[in-house]
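Here are a few friendly notes to read alongside the model. Please keep the structure open and find each place as you go.

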Amino acid sequence: MESAESVVYPPRYELVLRKLKHLIEEKFKEGDKLPSEVELAKFFGVSRATLREAMRILEEEGYVIRKHGIGTFVASRPILQTGMEELQSITKLMEKQGYQPHTKDVIITRTYPNAKEAHMLKIGQNEEIIKIERVRLADNIPVVYCIDRLPAKLFGEKFEFKGESLFDYLNDNLGIYIAYAVSDIIPMLAEKNGIYKKLELEKNDVVLLLDQIHFDQSDTPILYSSNFFSPKKFRFYIVRKRV
């Protein structure tokens, strides 16, 4: 049995942080103003310094928005979340979290790649690609704008994608299994290329571009995708393990 001296207790601000999250989830809704620091510190029985540290972390994690001279308000929460270490279709992610996946504004073309697209897919710029542009919705809420490119030579004239999940189509209809992906995460303004219109955002909102090249089990590049996510609607997290 461990001695009392060996027990490590979490800092008080971490305990307050957990209680604040529970309080927000149980008692407040998006846009509600929280009680003042003095009231919250008294409610939790802690110093204002401890309360401020918990509130700072709460703001960093996107639970609240502080407006100087006005107060602290409950922020809108993302409707979808996933770990960055997980590779799954957006369709499956929506279904797992209780949403009905939908697609709108679909454009499928056969065209020639630009220099970056050719480089990512390891093909020449004189080789055709299949390009798919679409907006994905969770229920009726637009959450991600997708641009997918695939080398046309892999499919001949067989490519007839009409469903929701591109991963499922490749696997079930063409026998192509996406084994892994290499990703870059790039923040950018939603104003670029009119993305804010597609995702129903403001021009000065920030979106996260997940730029990914997907490979099969033979390390052949199959799919180059650029997915634009709204952090207001989609949260990514990473589980990091000590090595």
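1. Asn193 is exposed, with a relative accessible area of 62%. Here exposed means over 50% relative accessible area, buried under 20%, and partly exposed in between (1.4 Å probe, protein chains only). Asn193 sits in the loop between strand E7 (180–189) and helix H7 (195–199). Its phi is near 55°, a positive value in a residue other than glycine.

2. A word on the source: this is a predicted model, in which local features need pLDDT of at least 70 and side-chain atom pairs count only at pLDDT 80 or more, while totals for chains, interfaces and linings use all residues. Residues are numbered from 1 along each chain as its sequence is written, and side-chain values use heavy atoms, leaving out hydrogens and water.

3. Now look at Asp139, in the loop between strand E5 (129–138) and strand E6 (141–151). Helices (H or I, at least four residues) and strands (E, at least two) are DSSP runs, numbered from the N terminus. Asp139 is not a glycine, yet has a positive phi of about 60°. Asp139 is partly exposed, at a relative accessible area of 32%.

4. Which residues of H1 are buried? They are Val16, Leu17, Leu20, Lys21, Leu23 and Ile24. Seen down the axis of H1, these buried residues fall within an arc of 165° (taken from the directions from the helix axis to the C-beta atoms), so they line one face of the helix. The face turned away from the buried side carries the exposed residues Arg18, Glu25 and Glu26.
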